[in-house]
Amino acid sequence: MIAPPDRMPLPRAFFDRPVLEVAPDLLGRVLVRTTPDGPIAVRLTEVEAYDGPNDPGSHAYRGRTARNAVMFGEPGHVYVYFTYGMWHCMNLVCGPEGTASAVLLRAGEIVEGAELARKRRPSARNDKELAKGPARLATALEVDRALDGTDACAVGETPMRILTGTPVPAAQVRKGPRTGVAGEGGRGDIHPWRYWVADDPTVSPYRAHVPRRRRS
């Protein structure tokens with residue numbers, strides 16, 4: 001049985017390109033998370049690009065560590081990190097191996113498995129909020145560090161896969177500064193590397209970086 005065009009997995013070659021090409025092209029694609037309880041699928045509506053050693057906002061800016069090692073590997077793999085001591089966020093590695101670029105998946109519309117996502121996101125006021133923000137998206141899809149390094153382009157069974165979906169026309173793509181990034185990396189005139197679908201209700205609100213206060 002041949003899958004419809006929008007249900008075909010994206011090949012590794014899709015991710016083996018510069019991050020600023022891959023990021024906006026991910027809008028409208030469908031991420032499928034296979035869980036023991038069933039699949040959950042999200043149509044991507046907001047992403048951010050991070051350009052490795054060339055980008056002061058990237059986890060790879062200061063080189064390879066145990067935490068970011070997946071970013072330096074083969075394109076098409078999932079990079080998951082833990083932040084603020086409570087949340088997970090997920091990225092897709094892109095570019096040639098060793099370049100350490102990746103796209104943060106910031107938001108999307110749950111298009112399959114909404115009942116499972118609701119169980120994981122009971123605080124969501126409606127389905128538009130289920131994956132509205134990177135931590136919410138990861139929570140709705142039951143993503144944690146155990147999935148770090150997952151090959152989303154693997155042949156056969158895999159807990160994570162990216163389908164072709166319906167790419168968003170360029171006229172509907174917006175871009176601007178990345179959310180919560182400090183310093184030069186957060187400047188929209190230098191790094192306008194957050195991309196989103198215009199007027200989509202699942203897109204998260206922009207928030208500038210606010211320095212955390214140290215306790216005296």
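**A pocket and a strand, step by step**

Helix 4 gives the most to the lining of the largest pocket, contributing four residues. Keep in mind that this is a predicted model, where local features need pLDDT of at least 70, side-chain atom pairs count only at pLDDT 80 or more, and totals for chains, interfaces and linings use all residues. Residues are numbered from 1 along each chain as its sequence is written, and side-chain values use heavy atoms, leaving out hydrogens and water.

Let's stay with that pocket. On a 1 Å grid over the protein atoms alone, a pocket is an open set of points where a 1.4 Å probe fits, with protein on both sides within 12 Å along at least five of seven lines; lining residues have an atom within 4 Å of a point. The largest one holds about 1200 Å³ of space. Its lining has 39 residues, and Tyr81, Thr83, Tyr84, Thr179 and Gly180 are the closest to the centre. Besides helix 4 (134-140), the elements that give two or more residues are strand 2 (38-51), strand 3 (78-83), strand 4 (87-94) and strand 5 (101-112). By class, the lining divides into 16 nonpolar, 12 polar and 11 charged residues.

Now turn to strand 8 (residues 194-197).

Strand 2 pairs with strand 8 in the antiparallel sense over three bridges, and Glu46 stands opposite Trp196. Strand 7 (residues 173-176) runs antiparallel to strand 8, joined by four bridges; here Lys175 has Tyr195 as its bridge partner.

Methods. Grid points are joined across faces, edges and corners, and a volume is the space filled by probe spheres set on the points. Ala, Val, Leu, Ile, Met, Phe, Trp, Tyr, Cys and Pro count as nonpolar, Asp, Glu, Lys and Arg as charged, and the others, Gly among them, as polar. Two strands pair if DSSP finds at least two bridges between them.
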